[in-house]
Amino acid sequence: MKKKISTLPFNGTAEQEAQLKQVIDENKSDKSNLMVVMQKAQDIYGYLPIEVQNMIAEGMGVPMEKVYGVATFYAQFSLSPKGKYNISVCLGTACYVKGSGDIFDRLSERLGIGADECTEDGKFSLTACRCIGACGLAPVLTVNDDVYGRLTVDDVDDILAKYAD
């Protein structure tokens, strides 16, 4: 699955940039630490926007293409911000055959976003995953650490309402 790049404006702070520069300074002498730097950068920012990838490439003295290649190859990295509430719908076999694709589509419609995107207000993000190990509860979705199982598309609005601050 191709990763989507965020269309939301980058809103990094000076404090975050200072943290990232410190991480880069501690690791720039060893280019094999690129993944470590990228992991820490994602911890700082929550994702790896192009601006952060550029800072890492310049600071580590590696081509931007390498940073981008690592960010898009490994599933642990996200190119889009996560919302306050990250909704992840299981599209593994057990969940999919019981309707999780339709649930994902309903969430996408209600939130006005697609896979790996975040609502403009930063409240919700939507991702698909392959299996969360709760096949007996299929179809399943999570909202941050909350797990919802045995769902139908009719459950979507009630779940979203629980997170309407």
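Start by selecting Asp-157. Asp-157 is partly exposed, at 36% relative accessible area. Keep in mind that the model on your screen is predicted.

**Stop 1**

Asp-157 makes a salt bridge with Arg-110, and their closest N and O atoms are 2.6 Å apart. Now colour the two helices. Asp-157 sits in helix α7 (residues 156–162) and Arg-110 in helix α6 (residues 100–111), so this pair ties together parts that are 47 residues apart in sequence.

Show Glu-109 to complete the picture. Its side chain meets that of Arg-110 in a salt bridge of 2.8 Å, N to O.

Is Glu-109 buried or exposed? Glu-109 counts as exposed, because its relative accessibility is 54% and the exposed class begins over 50%. Arg-110 is partly exposed, with a relative accessible area of 39%.

A word on what you are seeing. Side chains of opposite charge can pair when their charged atoms come close.

**Stop 2**

How many salt bridges does the structure hold? The count is four. For another one, select Glu-17 and Lys-21. The closest N and O atoms of this salt bridge are 3.2 Å apart. Both residues belong to helix α1, and they lie four residues apart, about one turn of the helix.

Glu-17 is partly exposed at 31% relative accessible area. Lys-21 is also partly exposed, with 44% relative accessibility.

**Stop 1: aromatic rings**

Next, show the aromatic side chains. There are four aromatic pairs. Select Phe-10 and Tyr-45. Their rings form a tilted pair, 5.7 Å centre to centre with 40° between the planes. Phe-10 lies in the segment before α1 (14–27) and Tyr-45 in helix α2 (residues 34–45), so the pair ties together parts that are 35 residues apart in sequence.

Is Tyr-45 buried or exposed? Tyr-45 is buried, as its relative accessible area is 10% and buried means under 20%. Phe-10 counts as partly exposed, at 24% relative accessibility.

Move on to Phe-73 and Tyr-74. Their ring centres are 4.9 Å apart and the planes stand at 85°, so this pair is edge-to-face. Check the surface again. Phe-73 is exposed, with a relative accessible area of 65%. Tyr-74 is partly exposed, at 34%.

One more selection in this group: Tyr-85, Phe-124 and Tyr-163. These three residues form one aromatic cluster.

**Stop 2**

How many disulfides does the whole structure contain? The search finds zero. A disulfide needs the two sulfur atoms within 2.5 Å. Cys-135 is partly exposed, at 41% relative accessibility.

**Stop 3: a nonpolar patch**

Stay with the surface view and select Ile-132, Leu-137 and Val-147. Together they make a nonpolar surface patch of about 220 Å².

Where is Leu-137? Look in the loop between β3 (124–129) and β4 (141–143). Leu-137 is partly exposed, with a relative accessible area of 31%.

**Last stop: the whole chain**

Zoom out and switch to the cartoon. The chain has seven helices and five strands. Follow it along the sequence, and the pattern reads α-α-α-α-β-α-α-β-β-β-β-α. Turn the model along its principal axes. The C-alpha atoms fill a box of roughly 55 × 30 × 20 Å.

Colour by accessibility. Of the 165 residues in the chain, 44% are buried. The chain exposes about 9100 Å², and carbon and sulfur atoms supply 50% of that area.

Finally, turn on contacts. Among contacts in the chain with a separation of 6 or more, 64% are between residues 24 or more positions apart.

Conventions
Residues are numbered from 1 along each chain as its sequence is written. This is a predicted model: local features need pLDDT of at least 70, side-chain atom pairs count only at pLDDT 80 or more; totals for chains, interfaces and linings use all residues. Side-chain values use heavy atoms; hydrogens and water are left out. Patches are made of residues with over 30% relative accessible area and no salt bridge: like charges are joined within 9 Å, nonpolar side chains (Val, Leu, Ile, Met, Phe, Trp, Tyr) within 5 Å. Accessible areas come from the Shrake-Rupley method with a 1.4 Å probe; for residues, only the protein chains shown count as cover. Buried means under 20% relative accessible area, exposed over 50%, partly exposed in between (1.4 Å probe, protein chains only). Rings of Phe, Tyr and Trp (its six-membered ring) pair if their centres lie within 6.5 Å; planes under 30 degrees apart count as stacked, over 60 as edge-to-face and the rest as tilted. Contact means heavy atoms within 4.5 Å.
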